[in-house]
Amino acid sequence: MKDKIVLQNLSKTFQTESGRAVPVLEDINLTIRDNEFLLVIGPSGCGKTTLLSCIAGFEEPTSGEILMDGEVVKGPSAQRGVVFQETALFPWRRVEKNVEYGLEVRGMPRQERKKIAQKYLEMVGLQDFADAYPKELSGGMKKRLTIATVYANNPEVLLMDEPFSALDYPTKCRLQMDLMDLWTKEKKTTVFISHDVEEAVLLSDRIIVLNRHKIALEYQNPFPRPRRDELRSDPKFIEAKEYIKGAYWNESQKAQ
Ligand SMILES: Nc1ncnc2c1ncn2[C@@H]1O[C@H](COP(=O)(O)OP(=O)(O)OP(=O)(O)O)[C@@H](O)[C@H]1O
Ligand SMILES: [Mg+2]
């Protein structure tokens, strides 16, 4: 399988307002293959969002580089759709118009973009809120709207920063299954950040545990696809979850 995104000796150090250097990522080498679903977990503050922001092109590496399809990432691109940890919506646009935004910018005719918006609003269960404003939605609903917006834009790569963390368990399970269905159909290269070990084992092809500026563990997910909801209660699945949980826990204990 071809390489989609390559991180070469990627390091990122932030300079705080008070002039202090905060090293976050140190000499990371990682190849994300085309169509791969890569999951990143690690203790809070270990640099997951920073890693995603660098891949998205919002943050510039301090040293090293990121390549997508062999080209150096120099800034944000519509080919990399990002679901942020904090919801990013246009408060003055109605729900449906938020989903249509990217399509509008690209000059897609009204009827066509309305159809796409409806399809993705339905997918996240917000079809009855098409005319509402974002402030009329709950936190979880806003998150679902952001996901619909990113899907509607049909990017080549999906970068998702804990997209389901604010959701109740049944909604989360449904969206995880929807995301897997979508991934199976379109096989978009995905980098997905999570704190949830069940989510990690269910969704991923590969899991990396990030800690103390580096990749602390890499785990090739053995479960064949398609994966059904029932897999969650399979003893082998629970065993895999425990293994990742153990590694994650050990790393969290080591976190500074
Ligand atoms: N713009 C910035 N300026 C200075 N320091 C920053 C900046 N952004 C992030 N950091 C620091 O970088 C480190 C990693 O932050 P990051 O947001 O990547 O963590 P994270 O793994 O996503 O955490 P969480 O799980 O809580 O979302 C933290 O110590 C944070 O304080
Ligand atoms: Mg984060």
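What follows is a set of questions and answers on the pocket, ligand shell and cavity of this predicted model.

This is a predicted model in which local features need pLDDT of at least 70 and side-chain atom pairs count only at pLDDT 80 or more, while totals for chains, interfaces and linings use all residues. Residues are numbered from 1 along each chain as its sequence is written, ligands are numbered from 1 in the order in which they are written, and side-chain values use heavy atoms, with hydrogens and water left out.

Q: Where does the largest pocket lie relative to domain 1 and domain 2?
A: A pocket here is an open set of points on a 1 Å grid over the protein atoms alone, where a 1.4 Å probe fits, with protein on both sides within 12 Å along at least five of seven lines; lining residues have an atom within 4 Å of a point. Domain 1 (3-79 + 156-254) and domain 2 (86-154), with bounds from an automatic or database assignment, both give residues to the lining. So the largest pocket lies between them.

Q: Which element gives the most to the lining of the largest pocket?
A: Strand S6 (80-83), helix H2 (95-105) and helix H4 (139-152) each supply at least two lining residues. Helices (H or I, at least four residues) and strands (E, at least two) are DSSP runs numbered from the N terminus. With 4 residues, the top contributor is H2.

Q: Which polar side-chain atom lies 2.7 Å from an oxygen atom of ligand 1?
A: Polar contacts are pairs of N or O atoms within 3.5 Å. The backbone takes part too: a polar backbone atom of Gly45 is 2.8 Å from a ligand oxygen, and a backbone N or O atom of Gly47 lies 3.0 Å from one. The side-chain atom at 2.7 Å belongs to Lys48.

Q: How much of the 640 Å² that ligand 1 exposes when taken alone does the protein bury?
A: The area comes from the Shrake-Rupley method with a 1.4 Å probe. Around the ligand sit 13 residues with a heavy atom within 4 Å, and helix H1 (residues 48-56) gives the most to that shell, 3 residues. The buried part comes to 63%.

Q: Which helix gives the largest share of the lining of the largest cavity?
A: A cavity is a set of points where the 1.4 Å probe fits but cannot get out. The structure holds 1 cavity of 30 Å³ or more, lined by Leu158, Leu179, Leu182, Trp183, Glu186 and Lys188. The largest share, 4 residues, comes from helix H5.

How values were computed: Polar contact = N/O pair within 3.5 Å; in protein donor to acceptor, adjacent residues only side chain to side chain. Points joined across faces, edges and corners; volume = space filled by probe spheres on them.
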